[in-house]
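Please read these notes with the structure open beside you.

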Amino acid sequence: MTTRPTSPISSGDHLNAGTNGFVPPDADAQQRSVSPQTKVVLKKKVTLLRGISIIIGTIIGAGIFISPKGILKHTGTVGTALVMWIACGILSLFGALSYAELGTSIKKSGAHYTYILEAFGPLPAFVRVWVELIIIRPAATAVISLAFGQYILEPIFMPCRIPEIAIKLVTTIGITAVMYINSMSVSWTARLQIFLTFCKLAAILIIIFPGMVQLFKGETQHFNQAFKTKEVSLMGIPLAFYSGMYAYAGWFYMNFVTEEVENPEKNIPLAICISMTVVTVGYVLTNVAYFAVMSPEELLASEAVAVTFAERLMGKFSIAVPIFVALSCFGSMNGSIFAVTRMFYVASREGHLPEILSMIHVRKHTPLPAVIVLYPLTVLMLFMGDIYSLLNFLSFVRWLFIGLAVTGLIYLRYKRPDMPRPFKVPLFVPVFFAFSCLFIVVLSLYSDPMNTGIGFAITLTGIPAYYLFVVWDKKPKCFRRLMKSMTKAVQIIMEVVPPEEHDD
């Protein structure tokens, strides 16, 4: 790996907000002696409550409200579907607990990227962040943003069809708002996430309470012979697990911001355990409420299960459900952008991405370039064709690299037995979870070789990119001068500098 060049503008040469020029180093030193809290670093502003809101707010997206039928479709019975929801919650908890150990023993932000780098070296870590930056994160953000645009406009156009251009324009406004908030303030981003998380939980409770009332009134006909089915597909159970694990995905987001967590040894495991318990109980009870009102056939036929449910029980109040779904999508957008940009920030700090992405705004103390870099890519994806198929191409990449990261935990137990581990899980937990991830990846190769093969090919492009951008250190002088000039120009425009050392 190449040695990183000195930044064109160092953190000792702060940009002056008033003159848009430079403060001399001596004057800057005087300012620091008076105001040491102005040190340009990412502050530790993620409290336990904010950590819980990041995890819950990114796990609970639109899926549980719109189409929680993937598991039912592959299991065939109400009872097996509910058991599968519980099993997927437990398996996700195993992964989350494994990440809690990794996050408390490797106290760097970046999650998957950082853990793979620590255990297996730079090449697989670079491939992970490469695919995340160029395709996965822009496409995933565009998809959840489109759901936001769809459901925020639903009450306005109901019962007419919403024009596609209107959805995309509102979606672009939503993406812009999320990017702006994440660029301007860590505190406001976290406060917004807490508010949106409470909105998500309120929406789930609005479904659970009426459903439980129906259940206690004796509406149990859909639970009779809950495990009886005419035929069982052996392929159905693994595919149901795949759907369930996708619904629970997001338990790893707090690990992206480890360096910004207050008291990480305590708060990371605690936030993970509380969040996974709340989400698992909420998901299971929500599905019980659905089945108390709708038959399995009706649930499978519904395009938006929560809307159908609300229309049955709430009458005119059902118009509020699309608003709650939109807020839920907005929370997923906000939480994922807040977390994943830290991966780009850390990868840049390690020399795997352009240096500008590891710089911090001199006053806002946010990783502004790492946030902004996603904006044009996400908007481009938004106006492309079928991004849903693109996500299908690359869905296996998530489980491949998460499984690799958890395998790294097992490897580090033997490679570095003396590493401090404030939180340590029984060995069978990461072993079982890593095996499950491998099983899901192999299954996707078997069940959908075309789409998975395309995703695998896209992933492999990270290997030549690694040797071209990272290993090759004899780039032409004109290219290096151009990059240095561009970095300096962007620094001046964005008012960002390299981070200073923490005083831990």
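**Notes on a helix pair and the cavities**

1. The axes of helix H2 (residues 48-59) and H14 cross at roughly 125° and come within 8 Å. Axes here are lines fitted to C-alpha atoms, for helices over the stretch in contact, with angles from 0 to 180 degrees between N-to-C directions. H2 is therefore oblique to H14 (under 35 degrees is roughly parallel, over 145 roughly antiparallel, 65 to 115 roughly perpendicular, the rest oblique). Helices are DSSP runs (H or I, at least four residues), numbered from the N terminus.

2. This is a predicted model, in which local features need pLDDT of at least 70, side-chain atom pairs count only at pLDDT 80 or more, and totals for chains, interfaces and linings use all residues. Residues are numbered from 1 along each chain as its sequence is written, and side-chain values use heavy atoms, without hydrogens and water.

3. Which residues meet between H2 and H14? Ile54, Gly57 and Thr58 in H2 meet Gly331, Ser332, Gly335, Ser336 and Phe338 in H14, contact being heavy atoms within 4.5 Å. By class, this contact has 2 nonpolar, 6 polar and no charged residues (Ala, Val, Leu, Ile, Met, Phe, Trp, Tyr, Cys and Pro are nonpolar; Asp, Glu, Lys and Arg charged; the others, Gly among them, polar).

4. There are 4 cavities of 30 Å³ or more. A cavity is a set of points on a 1 Å grid over the protein atoms alone where a 1.4 Å probe fits but cannot get out; lining residues have an atom within 4 Å of a point. The largest cavity holds about 50 Å³, a volume being the space filled by probe spheres set on the points, which are joined across faces, edges and corners.

5. Phe65, Ala203, Ile206, Ile207, Val321 and Phe324 line the largest cavity. H9 gives the largest share of this lining, 3 residues. The lining has 6 nonpolar, no polar and no charged residues.

Conventions. On a 1 Å grid over the protein atoms alone, a cavity is a set of points where a 1.4 Å probe fits but cannot get out, and a pocket is an open set with protein on both sides within 12 Å along at least five of seven lines; lining residues have an atom within 4 Å of a point. Helices (H or I, at least four residues) and strands (E, at least two) are DSSP runs, numbered from the N terminus.
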